[in-house]
Amino acid sequence: MDEQDCVVVGGGPGGAVLAYLLARAGRRVTLLEARSDFARRFRGDSLAPAVMDWLDALGLADDVLARPHATADAFTWHTPTAAYRVADFSRASARFPHYVLLPQPEFLGLLTGRAAEYPGFRLEMSARVTELVESDGRVCGVRYRAADGGTREVRAPLVVGVDGRFSQVRRLGGFETEELGAGLDILWFEVPRRAEDPPLSGLDYFAVPGAAIVALGQGATWQLGYVIPTGTVAQAREAGVGPVVALARDRMPWLGDRLDALTAFTDLTLLNVPITRLPSWYRPGLLLLGDAAHVISPVGGNGINIAIADAADAGNTLAPLLANRSSAAPAALDAACREIEARRRAVSDVEQRSQVRAERGSAGRIERGDPSPVWILRLAAAVPPIARAFGRRSASAIAIPPPTPAVLGAPAPR
Ligand SMILES: Cc1cc2nc3c(=O)[nH]c(=O)nc-3n(C[C@H](O)[C@H](O)[C@H](O)COP(=O)(O)OP(=O)(O)OC[C@H]3O[C@@H](n4cnc5c(N)ncnc54)[C@H](O)[C@@H]3O)c2cc1C
(Lines give C-alpha, C1' and ligand atoms only; values in the text may rest on other atoms or scores of the structure.)
Protein backbone atom coordinates (compact mmCIF):
# COMPACT_ATOMS: atom_id res chain seq x y z
CA MET A 1 0.00 0.00 0.00
CA ASP A 2 1.36 3.43 -0.97
CA GLU A 3 1.05 5.66 2.16
CA GLN A 4 1.73 9.40 1.91
CA ASP A 5 1.20 12.46 4.12
CA CYS A 6 -0.91 14.09 1.40
CA VAL A 7 -2.23 13.30 -2.08
CA VAL A 8 -2.66 16.29 -4.39
CA VAL A 9 -4.86 15.66 -7.45
CA GLY A 10 -4.14 17.95 -10.42
CA GLY A 11 -0.82 19.36 -11.61
CA GLY A 12 -2.05 22.85 -12.51
CA PRO A 13 -0.68 25.96 -10.75
CA GLY A 14 -2.57 25.27 -7.49
CA GLY A 15 -1.56 21.60 -7.25
CA ALA A 16 2.06 22.14 -8.32
CA VAL A 17 2.52 24.93 -5.75
CA LEU A 18 0.92 22.97 -2.90
CA ALA A 19 2.96 19.84 -3.64
CA TYR A 20 6.16 21.94 -3.83
CA LEU A 21 5.48 23.58 -0.46
CA LEU A 22 4.66 20.32 1.32
CA ALA A 23 7.71 18.58 -0.13
CA ARG A 24 9.90 21.54 0.85
CA ALA A 25 8.50 21.32 4.40
CA GLY A 26 9.63 17.68 4.55
CA ARG A 27 6.27 16.00 3.97
CA ARG A 28 5.69 12.97 1.70
CA VAL A 29 3.40 14.16 -1.06
CA THR A 30 2.19 12.53 -4.26
CA LEU A 31 1.02 14.80 -7.09
CA LEU A 32 -1.22 13.03 -9.62
CA GLU A 33 -1.72 14.67 -13.03
CA ALA A 34 -4.11 13.21 -15.61
CA ARG A 35 -2.21 14.47 -18.64
CA SER A 36 1.09 13.12 -19.94
CA ASP A 37 2.70 16.60 -20.08
CA PHE A 38 2.19 20.20 -18.97
CA ALA A 39 1.63 21.51 -22.51
CA ARG A 40 -1.46 23.75 -22.48
CA ARG A 41 -2.40 26.85 -24.39
CA PHE A 42 -4.55 29.84 -23.49
CA ARG A 43 -4.34 29.50 -19.73
CA GLY A 44 -3.71 32.03 -17.03
CA ASP A 45 -0.11 33.07 -17.50
CA SER A 46 -0.10 36.35 -15.60
CA LEU A 47 1.78 36.21 -12.28
CA ALA A 48 0.69 39.16 -10.13
CA PRO A 49 3.26 41.43 -8.40
CA ALA A 50 2.21 39.97 -5.01
CA VAL A 51 2.77 36.43 -6.32
CA MET A 52 6.20 37.42 -7.63
CA ASP A 53 7.05 38.83 -4.15
CA TRP A 54 5.91 35.53 -2.62
CA LEU A 55 8.00 33.52 -5.11
CA ASP A 56 10.91 35.79 -4.23
CA ALA A 57 10.52 34.97 -0.51
CA LEU A 58 10.82 31.27 -1.47
CA GLY A 59 13.90 31.97 -3.61
CA LEU A 60 12.05 31.12 -6.86
CA ALA A 61 11.53 34.54 -8.49
CA ASP A 62 14.91 34.52 -10.23
CA ASP A 63 14.09 31.08 -11.70
CA VAL A 64 10.90 32.59 -13.15
CA LEU A 65 12.75 35.59 -14.57
CA ALA A 66 15.41 33.34 -16.10
CA ARG A 67 12.72 31.83 -18.39
CA PRO A 68 11.33 33.58 -21.47
CA HIS A 69 8.67 35.95 -20.17
CA ALA A 70 7.10 39.36 -20.74
CA THR A 71 5.93 42.02 -18.30
CA ALA A 72 2.76 44.12 -18.13
CA ASP A 73 2.99 47.37 -16.20
CA ALA A 74 -0.64 48.48 -16.68
CA PHE A 75 -4.06 47.52 -17.92
CA THR A 76 -5.08 49.86 -20.74
CA TRP A 77 -8.57 50.20 -22.22
CA HIS A 78 -8.40 51.47 -25.82
CA THR A 79 -11.35 52.98 -27.71
CA PRO A 80 -11.16 54.15 -31.35
CA THR A 81 -10.38 57.66 -30.08
CA ALA A 82 -8.56 57.33 -26.75
CA ALA A 83 -6.44 55.08 -24.52
CA TYR A 84 -7.28 54.87 -20.80
CA ARG A 85 -4.58 53.53 -18.47
CA VAL A 86 -7.08 52.32 -15.89
CA ALA A 87 -4.82 50.23 -13.61
CA ASP A 88 -1.15 51.02 -13.15
CA PHE A 89 0.95 48.35 -11.37
CA SER A 90 4.03 50.57 -10.83
CA ARG A 91 3.41 50.81 -7.05
CA ALA A 92 2.18 47.25 -6.56
CA SER A 93 5.59 45.88 -5.48
CA ALA A 94 9.08 47.31 -4.92
CA ARG A 95 10.88 44.63 -6.94
CA PHE A 96 8.10 43.62 -9.36
CA PRO A 97 6.10 46.71 -10.39
CA HIS A 98 4.34 44.70 -13.10
CA TYR A 99 2.66 41.37 -13.88
CA VAL A 100 5.05 38.72 -15.20
CA LEU A 101 3.60 36.80 -18.16
CA LEU A 102 5.17 33.35 -18.15
CA PRO A 103 3.59 30.54 -20.18
CA GLN A 104 1.91 28.12 -17.74
CA PRO A 105 3.86 25.04 -18.98
CA GLU A 106 7.11 26.85 -18.05
CA PHE A 107 5.79 27.70 -14.59
CA LEU A 108 4.62 24.13 -13.94
CA GLY A 109 7.90 22.67 -15.19
CA LEU A 110 9.82 25.02 -12.90
CA LEU A 111 7.74 24.22 -9.79
CA THR A 112 7.73 20.44 -10.23
CA GLY A 113 11.43 20.49 -11.14
CA ARG A 114 12.28 22.31 -7.90
CA ALA A 115 9.87 20.08 -5.91
CA ALA A 116 11.73 17.02 -7.23
CA GLU A 117 14.83 18.24 -5.32
CA TYR A 118 13.07 17.15 -2.10
CA PRO A 119 12.95 13.46 -1.18
CA GLY A 120 9.26 13.44 -0.17
CA PHE A 121 7.98 14.57 -3.59
CA ARG A 122 6.53 12.16 -6.10
CA LEU A 123 4.94 13.25 -9.38
CA GLU A 124 2.96 10.79 -11.47
CA MET A 125 1.88 11.96 -14.92
CA SER A 126 -0.87 10.22 -16.96
CA ALA A 127 -2.51 9.39 -13.63
CA ARG A 128 -6.26 10.08 -13.77
CA VAL A 129 -8.10 9.86 -10.47
CA THR A 130 -11.33 7.88 -10.83
CA GLU A 131 -12.38 7.01 -7.26
CA LEU A 132 -12.08 8.21 -3.68
CA VAL A 133 -11.12 5.67 -1.01
CA GLU A 134 -13.15 6.10 2.18
CA SER A 135 -13.07 4.63 5.65
CA ASP A 136 -15.30 5.48 8.65
CA GLY A 137 -16.80 8.47 6.88
CA ARG A 138 -13.42 10.00 5.96
CA VAL A 139 -11.69 10.17 2.61
CA CYS A 140 -8.36 8.41 3.07
CA GLY A 141 -7.00 8.08 -0.46
CA VAL A 142 -7.72 7.82 -4.18
CA ARG A 143 -7.69 5.22 -6.92
CA TYR A 144 -6.38 6.26 -10.30
CA ARG A 145 -5.76 4.90 -13.78
CA ALA A 146 -2.01 4.88 -14.34
CA ALA A 147 -0.07 5.30 -17.61
CA ASP A 148 0.10 1.52 -18.14
CA GLY A 149 -3.71 1.28 -17.92
CA GLY A 150 -3.64 -0.38 -14.50
CA THR A 151 -5.51 0.88 -11.43
CA ARG A 152 -3.41 2.06 -8.46
CA GLU A 153 -4.28 3.26 -5.00
CA VAL A 154 -2.54 5.83 -2.83
CA ARG A 155 -3.58 6.64 0.74
CA ALA A 156 -3.06 9.68 2.92
CA PRO A 157 -4.77 11.47 5.82
CA LEU A 158 -5.68 14.27 3.40
CA VAL A 159 -6.57 14.38 -0.31
CA VAL A 160 -6.54 17.82 -1.93
CA GLY A 161 -8.51 18.16 -5.19
CA VAL A 162 -6.93 20.89 -7.31
CA ASP A 163 -8.12 19.38 -10.57
CA GLY A 164 -9.61 22.43 -12.21
CA ARG A 165 -12.94 23.79 -13.24
CA PHE A 166 -14.37 20.41 -14.36
CA SER A 167 -13.07 18.76 -11.17
CA GLN A 168 -13.61 15.02 -11.01
CA VAL A 169 -12.71 15.01 -7.31
CA ARG A 170 -15.47 17.57 -6.68
CA ARG A 171 -17.95 15.29 -8.43
CA LEU A 172 -16.71 12.16 -6.65
CA GLY A 173 -16.92 13.97 -3.31
CA GLY A 174 -20.56 14.91 -3.95
CA PHE A 175 -19.99 18.68 -3.59
CA GLU A 176 -22.78 20.95 -4.78
CA THR A 177 -22.09 23.82 -7.18
CA GLU A 178 -23.89 27.07 -7.80
CA GLU A 179 -23.47 29.06 -11.02
CA LEU A 180 -23.33 32.81 -10.52
CA GLY A 181 -24.03 33.60 -14.17
CA ALA A 182 -21.49 35.31 -16.34
CA GLY A 183 -21.69 37.83 -19.11
CA LEU A 184 -18.75 37.09 -21.40
CA ASP A 185 -17.12 34.29 -23.35
CA ILE A 186 -13.76 34.60 -25.11
CA LEU A 187 -12.47 33.20 -28.42
CA TRP A 188 -8.68 32.92 -28.05
CA PHE A 189 -6.02 32.78 -30.74
CA GLU A 190 -2.37 33.72 -30.96
CA VAL A 191 0.02 35.27 -33.45
CA PRO A 192 3.81 35.65 -33.36
CA ARG A 193 5.24 38.68 -31.56
CA ARG A 194 8.08 40.67 -33.14
CA ALA A 195 10.66 42.90 -31.52
CA GLU A 196 9.47 45.89 -33.59
CA ASP A 197 5.82 45.59 -32.43
CA PRO A 198 4.50 48.62 -30.50
CA PRO A 199 5.09 48.37 -26.74
CA LEU A 200 1.52 48.01 -25.46
CA SER A 201 0.95 47.80 -21.68
CA GLY A 202 1.03 44.00 -21.83
CA LEU A 203 -2.63 43.76 -20.74
CA ASP A 204 -4.71 45.70 -23.30
CA TYR A 205 -8.43 45.79 -24.12
CA PHE A 206 -9.48 47.24 -27.50
CA ALA A 207 -13.18 48.15 -27.64
CA VAL A 208 -15.13 49.36 -30.65
CA PRO A 209 -18.91 49.77 -30.89
CA GLY A 210 -20.33 46.23 -30.57
CA ALA A 211 -17.08 44.27 -30.15
CA ALA A 212 -13.85 44.02 -28.18
CA ILE A 213 -10.54 42.22 -28.28
CA VAL A 214 -8.05 41.55 -25.47
CA ALA A 215 -4.29 41.51 -26.20
CA LEU A 216 -1.83 39.84 -23.83
CA GLY A 217 1.80 40.38 -24.76
CA GLN A 218 3.76 37.20 -24.02
CA GLY A 219 7.33 36.17 -24.80
CA ALA A 220 7.19 35.18 -28.44
CA THR A 221 3.45 35.57 -29.05
CA TRP A 222 0.47 37.86 -28.74
CA GLN A 223 -2.41 36.01 -27.09
CA LEU A 224 -5.57 37.64 -28.45
CA GLY A 225 -9.12 37.13 -27.21
CA TYR A 226 -12.25 38.17 -29.10
CA VAL A 227 -14.88 38.93 -26.48
CA ILE A 228 -18.51 37.90 -27.04
CA PRO A 229 -21.54 38.10 -24.75
CA THR A 230 -22.34 34.71 -23.18
CA GLY A 231 -24.88 32.77 -25.19
CA THR A 232 -23.88 34.28 -28.57
CA VAL A 233 -21.32 31.68 -29.67
CA ALA A 234 -23.76 30.23 -32.24
CA GLN A 235 -24.05 33.66 -33.92
CA ALA A 236 -20.28 34.13 -33.73
CA ARG A 237 -19.75 30.73 -35.37
CA GLU A 238 -22.20 31.63 -38.13
CA ALA A 239 -20.39 34.93 -38.73
CA GLY A 240 -17.12 32.99 -38.95
CA VAL A 241 -13.61 34.23 -38.36
CA GLY A 242 -14.02 37.33 -40.60
CA PRO A 243 -15.20 39.79 -37.90
CA VAL A 244 -12.44 38.63 -35.55
CA VAL A 245 -9.70 39.20 -38.14
CA ALA A 246 -11.27 42.51 -39.20
CA LEU A 247 -11.29 43.86 -35.63
CA ALA A 248 -7.71 42.72 -34.97
CA ARG A 249 -6.57 44.34 -38.25
CA ASP A 250 -8.41 47.55 -37.48
CA ARG A 251 -7.09 47.98 -33.92
CA MET A 252 -3.63 46.43 -34.39
CA PRO A 253 -2.79 47.10 -38.06
CA TRP A 254 0.88 46.36 -37.38
CA LEU A 255 -0.02 42.65 -37.05
CA GLY A 256 -0.23 42.72 -40.88
CA ASP A 257 0.15 39.35 -42.62
CA ARG A 258 0.42 37.51 -39.31
CA LEU A 259 -3.40 37.47 -39.25
CA ASP A 260 -3.54 35.68 -42.62
CA ALA A 261 -3.07 32.33 -40.85
CA LEU A 262 -6.46 32.78 -39.20
CA THR A 263 -8.84 31.39 -41.80
CA ALA A 264 -11.50 29.29 -40.03
CA PHE A 265 -13.63 29.57 -36.91
CA THR A 266 -12.01 26.33 -35.73
CA ASP A 267 -8.71 28.26 -35.44
CA LEU A 268 -10.27 29.94 -32.40
CA THR A 269 -10.39 28.35 -28.93
CA LEU A 270 -13.59 29.03 -27.02
CA LEU A 271 -13.27 29.79 -23.33
CA ASN A 272 -16.69 29.88 -21.74
CA VAL A 273 -16.41 30.52 -18.07
CA PRO A 274 -19.39 29.68 -15.90
CA ILE A 275 -18.34 31.49 -12.70
CA THR A 276 -19.07 28.79 -10.11
CA ARG A 277 -19.32 28.90 -6.34
CA LEU A 278 -19.47 25.93 -3.96
CA PRO A 279 -21.40 26.02 -0.67
CA SER A 280 -18.60 23.92 0.86
CA TRP A 281 -15.01 23.07 -0.15
CA TYR A 282 -14.33 20.48 2.52
CA ARG A 283 -15.47 17.16 3.90
CA PRO A 284 -13.45 14.99 6.30
CA GLY A 285 -10.20 13.99 4.61
CA LEU A 286 -10.88 15.95 1.41
CA LEU A 287 -10.25 19.63 0.55
CA LEU A 288 -10.86 21.41 -2.77
CA LEU A 289 -8.76 24.41 -3.87
CA GLY A 290 -8.21 26.55 -6.98
CA ASP A 291 -10.67 26.34 -9.86
CA ALA A 292 -12.07 23.10 -8.40
CA ALA A 293 -13.39 25.13 -5.46
CA HIS A 294 -14.30 28.37 -7.27
CA VAL A 295 -14.20 28.82 -11.03
CA ILE A 296 -12.83 32.30 -11.67
CA SER A 297 -13.26 34.08 -14.99
CA PRO A 298 -10.24 35.44 -16.89
CA VAL A 299 -11.48 38.99 -16.18
CA GLY A 300 -8.73 40.57 -14.09
CA GLY A 301 -6.28 37.78 -15.02
CA ASN A 302 -6.27 36.40 -11.48
CA GLY A 303 -7.38 32.74 -11.93
CA ILE A 304 -3.81 31.51 -11.71
CA ASN A 305 -2.96 33.92 -8.89
CA ILE A 306 -5.89 32.92 -6.71
CA ALA A 307 -5.12 29.22 -7.26
CA ILE A 308 -1.49 29.87 -6.20
CA ALA A 309 -2.60 31.91 -3.17
CA ASP A 310 -5.02 29.12 -2.10
CA ALA A 311 -2.11 26.68 -2.26
CA ALA A 312 0.19 29.08 -0.37
CA ASP A 313 -2.33 29.31 2.48
CA ALA A 314 -2.92 25.55 2.49
CA GLY A 315 0.85 24.86 2.43
CA ASN A 316 1.47 27.13 5.44
CA THR A 317 -1.42 25.66 7.41
CA LEU A 318 -1.11 21.97 6.55
CA ALA A 319 2.68 21.46 6.49
CA PRO A 320 3.05 21.25 10.30
CA LEU A 321 -0.16 19.21 10.80
CA LEU A 322 0.54 16.53 8.21
CA ALA A 323 3.55 15.33 10.24
CA ASN A 324 1.28 14.52 13.19
CA ARG A 325 0.32 10.82 13.42
CA SER A 326 -1.47 11.05 16.81
CA SER A 327 -5.13 10.19 17.35
CA ALA A 328 -5.95 13.93 17.53
CA ALA A 329 -4.62 14.48 13.99
CA PRO A 330 -7.91 14.00 12.05
CA ALA A 331 -9.75 16.56 14.21
CA ALA A 332 -6.87 19.04 13.84
CA LEU A 333 -6.87 18.53 10.06
CA ASP A 334 -10.64 19.07 9.89
CA ALA A 335 -10.33 22.32 11.83
CA ALA A 336 -7.42 23.51 9.67
CA CYS A 337 -9.28 22.79 6.43
CA ARG A 338 -12.32 24.70 7.68
CA GLU A 339 -10.04 27.67 8.45
CA ILE A 340 -8.38 27.49 5.02
CA GLU A 341 -11.79 27.43 3.37
CA ALA A 342 -13.03 30.41 5.40
CA ARG A 343 -9.97 32.56 4.62
CA ARG A 344 -9.80 31.70 0.93
CA ARG A 345 -13.57 31.85 0.37
CA ALA A 346 -13.51 35.47 1.59
CA VAL A 347 -11.09 36.23 -1.28
CA SER A 348 -12.76 34.22 -4.05
CA ASP A 349 -16.26 35.46 -3.15
CA VAL A 350 -15.17 39.10 -3.52
CA GLU A 351 -13.31 38.36 -6.77
CA GLN A 352 -16.26 36.43 -8.24
CA ARG A 353 -18.78 39.14 -7.32
CA SER A 354 -16.64 41.82 -8.94
CA GLN A 355 -16.13 39.60 -12.02
CA VAL A 356 -19.87 39.05 -12.41
CA ARG A 357 -20.42 42.85 -12.21
CA ALA A 358 -17.57 43.57 -14.66
CA GLU A 359 -18.67 40.88 -17.14
CA ARG A 360 -22.31 41.93 -17.11
CA GLY A 361 -21.28 45.59 -17.46
CA SER A 362 -18.93 44.86 -20.36
CA ALA A 363 -21.46 42.59 -22.09
CA GLY A 364 -24.07 45.34 -21.76
CA ARG A 365 -21.69 47.92 -23.26
CA ILE A 366 -20.86 45.59 -26.19
CA GLU A 367 -24.58 45.01 -26.83
CA ARG A 368 -25.34 48.76 -26.59
CA GLY A 369 -22.42 49.57 -28.91
CA ASP A 370 -20.64 51.71 -26.31
CA PRO A 371 -16.85 51.17 -26.42
CA SER A 372 -15.89 53.50 -23.55
CA PRO A 373 -15.00 52.28 -20.04
CA VAL A 374 -17.34 52.96 -17.09
CA TRP A 375 -16.97 56.37 -15.40
CA ILE A 376 -14.85 55.09 -12.50
CA LEU A 377 -12.26 53.68 -14.93
CA ARG A 378 -12.28 56.94 -16.93
CA LEU A 379 -11.68 58.77 -13.64
CA ALA A 380 -8.79 56.43 -12.79
CA ALA A 381 -7.19 57.08 -16.17
CA ALA A 382 -7.54 60.84 -15.67
CA VAL A 383 -6.12 60.81 -12.12
CA PRO A 384 -2.93 58.64 -12.06
CA PRO A 385 -2.91 58.08 -8.26
CA ILE A 386 -6.33 56.39 -8.64
CA ALA A 387 -4.99 54.19 -11.46
CA ARG A 388 -2.05 53.28 -9.19
CA ALA A 389 -4.46 52.50 -6.33
CA PHE A 390 -6.46 50.24 -8.68
CA GLY A 391 -3.19 48.54 -9.72
CA ARG A 392 -2.27 47.98 -6.07
CA ARG A 393 -5.78 46.72 -5.27
CA SER A 394 -6.02 44.30 -8.17
CA ALA A 395 -2.60 42.92 -7.30
CA SER A 396 -3.25 42.60 -3.56
CA ALA A 397 -6.84 41.30 -3.81
CA ILE A 398 -5.56 37.74 -4.01
CA ALA A 399 -4.32 38.01 -0.37
CA ILE A 400 -1.38 35.63 -0.63
CA PRO A 401 0.08 34.90 2.83
CA PRO A 402 3.89 34.97 3.22
CA PRO A 403 5.55 31.56 3.56
CA THR A 404 5.81 30.45 7.21
CA PRO A 405 8.98 29.13 8.88
CA ALA A 406 7.54 25.59 8.59
CA VAL A 407 7.70 25.96 4.80
CA LEU A 408 10.87 28.05 4.60
CA GLY A 409 12.88 26.15 7.20
CA ALA A 410 13.02 23.10 5.01
CA PRO A 411 15.57 20.30 5.01
CA ALA A 412 18.31 20.74 2.45
CA PRO A 413 17.50 19.34 -1.00
CA ARG A 414 18.96 15.89 -1.66
C1 LIG B 1 -8.87 27.99 -22.06
C2 LIG B 1 -8.57 28.71 -20.74
C3 LIG B 1 -8.11 30.03 -20.75
C4 LIG B 1 -7.84 30.71 -19.56
N5 LIG B 1 -7.38 31.98 -19.60
C6 LIG B 1 -7.06 32.60 -18.45
C7 LIG B 1 -6.50 33.90 -18.44
O8 LIG B 1 -6.30 34.51 -19.49
N9 LIG B 1 -6.18 34.47 -17.23
C10 LIG B 1 -6.37 33.79 -16.04
O11 LIG B 1 -6.03 34.30 -14.96
N12 LIG B 1 -6.91 32.58 -16.04
C13 LIG B 1 -7.25 31.98 -17.19
N14 LIG B 1 -7.76 30.73 -17.17
C15 LIG B 1 -7.98 30.12 -15.88
C16 LIG B 1 -6.68 29.64 -15.23
O17 LIG B 1 -5.94 28.88 -16.16
C18 LIG B 1 -7.08 28.85 -14.03
O19 LIG B 1 -7.80 29.70 -13.12
C20 LIG B 1 -5.91 28.27 -13.27
O21 LIG B 1 -5.10 27.49 -14.13
C22 LIG B 1 -6.45 27.43 -12.12
O23 LIG B 1 -5.47 26.62 -11.62
P24 LIG B 1 -5.82 25.23 -10.91
O25 LIG B 1 -4.51 24.69 -10.46
O26 LIG B 1 -6.90 25.43 -9.92
O27 LIG B 1 -6.49 24.32 -12.05
P28 LIG B 1 -6.02 23.94 -13.52
O29 LIG B 1 -4.98 24.86 -14.03
O30 LIG B 1 -7.25 23.76 -14.32
O31 LIG B 1 -5.31 22.52 -13.33
C32 LIG B 1 -6.05 21.36 -13.05
C33 LIG B 1 -5.19 20.14 -13.41
O34 LIG B 1 -5.86 18.98 -12.98
C35 LIG B 1 -5.70 17.96 -13.96
N36 LIG B 1 -6.80 16.99 -13.77
C37 LIG B 1 -8.09 17.12 -14.12
N38 LIG B 1 -8.80 16.05 -13.77
C39 LIG B 1 -7.92 15.18 -13.18
C40 LIG B 1 -8.05 13.89 -12.60
N41 LIG B 1 -9.23 13.23 -12.56
N42 LIG B 1 -6.95 13.29 -12.11
C43 LIG B 1 -5.74 13.92 -12.14
N44 LIG B 1 -5.58 15.17 -12.66
C45 LIG B 1 -6.65 15.79 -13.18
C46 LIG B 1 -5.78 18.72 -15.27
O47 LIG B 1 -5.18 17.99 -16.34
C48 LIG B 1 -5.00 19.99 -14.93
O49 LIG B 1 -3.62 19.87 -15.20
C50 LIG B 1 -8.05 30.05 -18.34
C51 LIG B 1 -8.51 28.72 -18.31
C52 LIG B 1 -8.77 28.05 -19.50
C53 LIG B 1 -9.28 26.62 -19.44
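## Helix 10 against helix 11

In this predicted model, helix 10 (residues 375–382) and helix 11 (residues 384–396) have axes that come within 5 Å and cross at roughly 115 degrees. Because angles of 65 to 115 degrees count as roughly perpendicular, helix 10 and helix 11 are described as roughly perpendicular to each other.

On the side of helix 10 the contact involves Leu379, Ala380 and Ala381, which meet Ile386, Ala387 and Phe390 in helix 11. The residues of this contact of helix 10 with helix 11 comprise six nonpolar, no polar and no charged.

## Helix 1 against helix 4

The axes of helix 1 (residues 13–24) and helix 4 (residues 104–115) come within 9 Å and cross at roughly 20 degrees, which makes helix 1 roughly parallel to helix 4. Helix 1 passes helix 4 in a left-handed crossing.

Helix 1 contributes Pro13, Ala16, Val17, Ala19, Tyr20 and Ala23 to the contact, while helix 4 contributes Gln104, Phe107, Leu108, Leu111, Thr112, Arg114 and Ala115. Sorted by class, the contact of helix 1 with helix 4 has ten nonpolar, two polar and one charged residues.

Three strands, in the order 14-20-23, form an open sheet with antiparallel pairing. Strand 14 (178–179) and strand 23 (294–295) stand at the edges, and each has a single partner strand, so one side of each is left without a neighbour in the sheet.

Strand 20 (residues 276–277) and strand 23 run antiparallel and are joined by two bridges; Arg277 stands opposite His294 in strand 23.

How values were computed: Residues numbered from 1 in each chain as written. Predicted model: local features only at pLDDT ≥ 70, side-chain atom pairs only at ≥ 80, totals over all residues. Axes fitted to C-alpha atoms, helices over the stretch in contact; angles between N-to-C directions. Helix = DSSP H or I, 4+ residues; strand = E, 2+ residues; numbered from the N terminus. Parallel < 35°, antiparallel > 145°, perpendicular 65-115°, else oblique. Contact = placed C-beta atoms within 7 Å. Nonpolar A, V, L, I, M, F, W, Y, C, P; charged D, E, K, R; others polar. Left-handed = near helix turned anticlockwise from the far one by under 90°. Pairing = 2+ DSSP bridges.
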